Amino acid sequence: MTYLVAVSGGVDSVCLLHMLVQKQASDPTLHLIVAHVEHGIRPDSADDERFVAALARSYRLPYVSVSLGLGVRASEEQARNARYEFLFKQAAIYAATVVTAHHADDMVETVALNLSRGTGWRGLAVLSRPEVFRPLLSLPKSTLYTYAMSNRLEYTE
């Protein structure tokens with residue numbers, strides 16, 4: 001099994017990558033590829049790319065990235081669509097499954113946002129793309145901070 005792990009450099013994705021690297025140590029059939037999308041929305045986003053590239057090197061994992069240059073006026077939707085387009089393209093190249101670090105707090109936040117927009121029942125079926133594996137959905141973000149501290153993981157904010 002090959003996983004294309006979406007890593008932003010934040011605590012969520014750094015914890016996910018660490019957990020998967022630990023799993024890989026006991027499962028030689030698991031192959032990991034680190035993927036990073038530099039949206040080009042924030043002026044310091046190139047720093048995140050350098051951090052994630054160094055993290056991939058430290059784990060001796062293959063690394064793919066893209067710099068989108070969306071600009072400060074890009075919407076969340078534009079960024080998300082461009083990000084998934086890149087991730088799915090890379091997943092096809094490597095015959096991999098896309099893995100993201102979405103967690104329980106993300107699910108709650110998305111439901112609340114959708115409800116405030118007057119969504120129907122479809123807006124309550126959040127984070128349900130079958131082609132994306134989200135192993136952290138049962139964990140609250142506080143657990144990820146605890147995990148990062150316990151394992152002395154560095155991440156970007």
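**Entry 1: Glu38**

I looked up the contacts of Glu38, leaving aside residues up to four places away in sequence, and found that Glu38 touches Ser45, Ala46, Glu49, Val66, Ser67, Leu68 and Gly69; contact means heavy atoms within 4.5 Å. The model is a predicted one, in which local features need pLDDT of at least 70 and side-chain atom pairs count only at pLDDT 80 or more, while totals for chains, interfaces and linings use all residues. Residues are numbered from 1 along each chain as its sequence is written, and side-chain values use heavy atoms, with hydrogens and water left out.

I placed Glu38 in strand β2, residues 31-38. Helices (H or I, at least four residues) and strands (E, at least two) are DSSP runs, numbered from the N terminus. Is Glu38 buried or exposed? I found Glu38 buried, at 10% relative accessibility; buried is under 20% relative accessible area, exposed over 50%, and partly exposed in between, with a 1.4 Å probe and protein chains only.

I then noted a polar contact of 2.5 Å between the side chains of Glu38 and Ser67. Such a contact is a pair of N or O atoms within 3.5 Å; within protein, one must be able to donate a hydrogen and the other to accept it, and residues adjacent in sequence count only if both atoms are side-chain atoms.

**Entry 2: helix α2**

I traced helix α2 over residues 45-58. Its 14 residues reach 20 Å from first C-alpha to last, close to the 20 Å expected at 1.5 Å a residue; the expected span is 1.5 Å times one less than the number of residues. I listed the buried residues of α2 as Ser45, Asp48, Phe51, Val52, Ala53, Leu55 and Ala56. They pack against α1 (11-26), β2 and β3 (63-67).

**Entry 3: aromatic pairs**

I searched the whole structure and recorded three aromatic pairs. Tyr84 and Phe88 have ring centres 5.6 Å apart and planes at 25°, so this pair is stacked. Rings of Phe, Tyr and Trp (its six-membered ring) pair if their centres lie within 6.5 Å; planes under 30 degrees apart count as stacked, over 60 as edge-to-face and the rest as tilted. I found Tyr84 buried at 6% and Phe88 partly exposed at 24%.
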